[in-house]
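Let's take a walk through a protein model together. Have a look at the picture first, and then we'll go through it piece by piece.

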Amino acid sequence: MKTQTLTPESTPAPTPSRAAEPTEDRRKGRSKSDGWWPWLFVVPTVVGIGVFYLWPIVQTFYYSFTKWGVFGGTKFIGLDNYLRMFTDSTIPQSILNTLIYTVVVLLGIPIAVILASLIERPGLRFAALYRTLYFIPYITMPAAVGIVWRLIYNGDFGPINWFLGLFGIQGPYWTSTPGFALLAVATVGLWMSLGFNLIIISAGLREIPRELFEAAEMDGAGRVRQFVGITVPLLTPSIFFVTIVTVISGFQLFDLLYVMMGKANLAMPQTQSLVYIFYNQAFLQNDKGYAAAIGILILAIIALLTAFQFRIQKRWVNYV
Amino acid sequence: MSRSKGGKQGSNVLAHCVLAIGGLAMVSPLLYQIVMSLSTNAEVQSTPPTLWPGVVQWHNFADVFTSMNFGSQLWVTVAITVIRVIGQVLLCSMAGYAFARMRFRFKGPILAVVLSIIMVPSQLFLIPQYQIIQNLGWLNTIAGIVAPGIFSAFGLFLMRQFFMGLPDELEDAARLDGANPFQVFFRVMLPLAANGLWALVIITVLWSWNDLLWPLVVTSTANAAPLSVGLSNLQGEHANNYPILMAASLMAMAPILVMFLLMQKRVMAGIGRSGLK
């Protein structure tokens with residue numbers, strides 16, 4: 001059960017499970033429907049989801065074709081918001097920023113594979129302690145650790161620049177220099193997500209039958225060869241899953257950026273993510289029509305990237 | 001390679017070295033935060049960095065309450081987390097149960113539509129959600145922060161998956177005894193779903209406690225904001241009082257850290273189930 005929900009195949013589309021057969025039996029014995037009872041169970045949730053999620057999606061689509069007046073009221077302007085995205089240079093810049101951020105955070109996956117293969121060695125002492133240490137950053141509040149990292153990155157007295165100074169290197173003002181700022185934020189993103197990747201990959205690793213490693217050992221394969229020949233190929237479903245999750249959450253980058261840099265940061269235009277532009281347009285500039293169009297763009301990019309990954313998975317993911 | 005083949009002991013030493021150094025690096029920002037929260041502002045800004053304060057400044061933690069709206073923000077965070085957890089546990093488990101084990105018209109289509117929401121990024125609901133809260137006059141209230149979050153397509157899916165895996169016998173026995181579906185659900189099935197409920201509780205606590213974007217949108221006063229919003233807005237006014245910032249951020253994440261350390265296995269299993277954050 002635990003791993004069933006972990007595996008990528010079962011996550012997007014629920015497969016009818018064991019419970020399906022008994023339900024067939026029940027149908028013969030009793031009436032075809034459970035009457036109005038089910039509605040008592042589902043109506044509060046279905047209505048709530050309809051009001052707060054489904055209908056808003058429809059509205060957002062509509063808003064993306066409108067212009068919002070300063071004194072309220074909306075005007076239908078067709079595709080203007082979408083056309084504006086093509087001439088707005090902050091959009092491609094922010095897509096690039098989000099991609100760079102995502103690529104840096106993706107580097108956490110090979111690191112997690114190596115760490116997991118060390119932690120999951122049979123009988124390794126302190127394995128639980130190691131899991132705890134690596135997992136802690138994942139559950140910390142981004143708004144809180146963002147402040148801590150801001151201090152760590154401080155250009156004048158932060159420990160990073162002090163350390164670089166030992167080697168005669170003058171460190172930059174990390175969170176306020178374009179280029180460095182994105183790198184600084186992405187490193188924190190990697191730090192936060194490593195624990196999650198490790199948990200998923202460790203679970204995948206425990207599924208691999210130990211006999212495979214024993215057989216390989218008898219054939220004289222060393223640990224490196226076992227890692228390359230058995231561990232990595234059999235982990236590809238888990239790696240695929242964390243890749244999907246990392247890309248989707250990478251395109252949701254907001255919290256760390258907002259907290260580590262702040263609204264007034266002059267390096268923000270060169271560092272901002274799509275979600276940050278969405279927030280800025282919708283709630284600071286009050287240009288909700290344009291913001292809605294940017295929301296649709298985010299949806300389209302995530303959908304395309306996810307579909308693309310499912311498409312190419314056949315080439316590298318091994319389902320046993 | 002031949003070396004690693006030779007001695008299992010020897011190669012485990014290398015594994016321990018890598019894991020211990022890496023693990024220390026992972027928590028070092030938090031250790032730094034703890035030391036700085038106990039230092040003076042001058043010690044924070046000194047180079048080389050302070051390893052341990054000359055005199056431990058415990059009062060920094062008390063000062064947090066007087067120099068910012070920490071008390072009210074903590075209350076807001078606790079309140080929204082508790083309400084969301086109770087709401088989701090009740091609503092998602094009931095709906096998940098019905099979708100897993102009951103039959104009614106349009107069940108399949110409704111479920112398909114609800115589940116499709118899980119993959120939609122939140123930017124597609126935020127603007128209309130904000131308008132709903134604004135029209136209800138709920139901006140800057142706990143109700144406004146909480147309202148959309150007590151409903152969850154993801155929580156429904158999680159609970160449905162869990163109920164589908166439970167055996168039929170107990171349910172059938174209870175029904176034959178004349179229990180109505182409510183009684184069957186609350187007395188028989190819900191207790192059996194404890195593991196699934198734990199996963200839902202843990203995920204909801206994490207999301208709710210740490211969430212920033214939505215509360216940032218619906219709160220504009222320091223008193224009505226939760227800790228995540230309060231901390232991220234603090235930078236301007238208290239930007240130079242680093243020990244207070246460190247103490248405040250430490251206290252803001254402490255409850256989650258304590259929860260994790262007390263229930264590590266449950267938390268990791270719950271996150272493993274969650275898939276998406």
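Two residues count as being in contact if their C-beta atoms, placed from the backbone, lie within 7 Å. Keep in mind that this is a predicted model, where local features need pLDDT of at least 70, side-chain atom pairs count only at pLDDT 80 or more, and totals for chains, interfaces and linings use all residues. Residues are numbered from 1 along each chain as its sequence is written, while chains are lettered from A and ligands numbered from 1 in the order in which they are written.

So how do the chains meet? On the chain B side, 82 residues are in contact with 87 residues of chain A. Helix α2 (residues 8–37) of chain B gives the most to that side, with 13 residues. (Helices are DSSP runs of H or I with at least four residues, strands are runs of E with at least two, and both are numbered from the N terminus.) The chain B side that touches chain A divides into 55 nonpolar, 21 polar and six charged residues. Here Ala, Val, Leu, Ile, Met, Phe, Trp, Tyr, Cys and Pro count as nonpolar, Asp, Glu, Lys and Arg as charged, and the others, Gly among them, as polar.

Now over to chain A. An unreviewed UniProt entry places the feature "transmembrane region" at residues 36–55, 99–120, 132–152, 180–205, 226–251 and 289–308 of chain A; such annotations may be inferred rather than shown by experiment, and the positions are given in the numbering used here, with feature names shortened. Take residues 99–120 of chain A: this stretch is 91% helix and 0% strand, with its end C-alpha atoms 32 Å apart. Residues 226–251 of chain A are 96% helix and 0% strand, and there the end C-alpha atoms are 35 Å apart.

Which way do two helices of chain A cross? The axes of α3 (residues 80–87) and α15 (residues 288–316) of chain A come within 9 Å and cross at roughly 75 degrees. Axes are lines fitted to C-alpha atoms, for helices over the stretch in contact, and angles run from 0 to 180 degrees between N-to-C directions. That makes α3(A) roughly perpendicular to α15(A), a label used for angles of 65 to 115 degrees. A:Asn81, A:Tyr82, A:Arg84 and A:Met85 of α3(A) make the contact with A:Gly289, A:Tyr290, A:Ala293 and A:Leu297 of α15(A).

Terms used:
Angles under 35 degrees count as roughly parallel, over 145 as roughly antiparallel, 65 to 115 as roughly perpendicular and the rest as oblique.
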